[in-house]
Amino acid sequence: MASGFFAILDDIAALMDDVAVTSKVATQKTAGILGDDLAVNAEKATGFLSSREIPVLWAITKGSFINKLIILPVVFLLNWLYAPAINYVLILGGLYLAFEGVEKIIEFLFHREKEGHEVVEEIIEDEKSDEEIEKAKVKSAITTDFILSIEIVIIALGTVLEENHPFITQILVTSLVAFIATVGVYGIVALIVRMDDAGFKLIKKSNDKGFFGKLGHLLVKALPIVIKALAVIGTIALIMVAGGIFAHRIEFFHHVLPSWSSNEFLTILKEIILGLIGGLGAVALFTMGKGVVSLVKKK
């Protein structure tokens, strides 16, 4: 009886050890996408009133956990029923990310002064309550997190499948990596968005003197720069993630410029180019679709 009990404990210990080792490998493989996830979501989680930063970030974090709870069983089910379906889901997600990234670039490059009815529309938009604007931003952040989460979960699952681990290990490792992704990413984002508050507290406690006073001023001045940098990095990350999906998940693009695969810089450049092409195509389709809907409504 006792030997059976200890045998069970030994099996559990072996399983946990296997999960720990495999989770480390899977986390390393998802490190790139986690970095992109951080850049994108940090940019989306900033720009709110100081009193609303943590509540907004918590709302996005809860949304991210819900995303994982939806994605994990669906991915396992799809992998069991029809594995190629995961590929199509990733490509559609890549198109969404590319669209979002290219749309930001187009808005930045071709932003112009609005006149006439456009000004009226913008005024109406500005009259939206802070609560409505906040909800819209949170929804956008959760949607983007959903796409990036799919990529993270599938990479983690792929790592476990490559090593032919049993089903229970697949579930534990993939779930653990998904949990680490949410806690790690949004924990760092929380530190970023509270930089200025930490700076003000340091200034106050040090009476604006000495090392801590200077550090406080540095944190306060650095936050706007960090936010602007994250906006740029986040946009590039969206396009790179999308381009990476196209390069690895679409057979035709996988074999385009094969010589570039041996050079890390050229590989990144290829992914950016593919992301831009996919994004421009998605924006064009969206614009045409919007035009068709507008014409139908007028009729």
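Tutor: A residue is called buried when its relative accessible area is under 20%, exposed when that value is over 50%, and partly exposed in between. The model discussed here is a predicted one. In general, side chains of opposite charge can pair when their charged atoms come close.

Helix H6 also holds Thr-143. Thr-143 has a relative accessible area of 31%, so it is classed as partly exposed. The side chain of Thr-143 reaches 2.8 Å from the backbone oxygen of Lys-139. Thr-143 and Tyr-96 are 47 residues apart along the chain, and their C-alpha atoms are separated by 9.7 Å.

The structure holds two salt bridges. Besides the pair already described, Arg-194 forms a salt bridge with Asp-197, in which the closest N and O atoms are 3.2 Å apart. Arg-194 counts as partly exposed because its relative accessibility is 28%. Asp-197, with a relative accessibility of 18%, therefore counts as buried.

The loop between helix H8 (195-205) and helix H9 (210-249) contains Asn-207. Although Asn-207 is not a glycine, its phi is positive, at about 55°. With 58% relative accessibility, Asn-207 counts as exposed. Asp-208 has its place in the loop between H8 and H9 as well. The phi of Asp-208 is near 60°, again a positive value in a residue other than glycine. Asp-208 has a relative accessible area of 43%, so this residue is partly exposed.

An annotation may be set beside these details. Under "transmembrane region", an unreviewed UniProt entry lists residues 70-99, 142-161, 167-193, 225-248 and 268-289. In the model, the chain over residues 225-248 is 100% helix and 0% strand, with its end C-alpha atoms 34 Å apart. Residues 268-289 are likewise 100% helix and 0% strand, and the end C-alpha atoms of that span lie 31 Å apart.

Technical notes
Residues are numbered from 1 along each chain as its sequence is written. This is a predicted model: local features need pLDDT of at least 70, side-chain atom pairs count only at pLDDT 80 or more; totals for chains, interfaces and linings use all residues. Side-chain values use heavy atoms; hydrogens and water are left out. A salt bridge is a side-chain nitrogen of Lys or Arg within 4 Å of a carboxyl oxygen of Asp or Glu. Buried means under 20% relative accessible area, exposed over 50%, partly exposed in between (1.4 Å probe, protein chains only). Helices (H or I, at least four residues) and strands (E, at least two) are DSSP runs, numbered from the N terminus. A polar contact is a pair of N or O atoms within 3.5 Å; within protein, one must be able to donate a hydrogen and the other to accept it, and residues adjacent in sequence count only if both atoms are side-chain atoms. UniProt positions are given in the numbering used here, feature names are shortened, and annotations may be inferred rather than shown by experiment.
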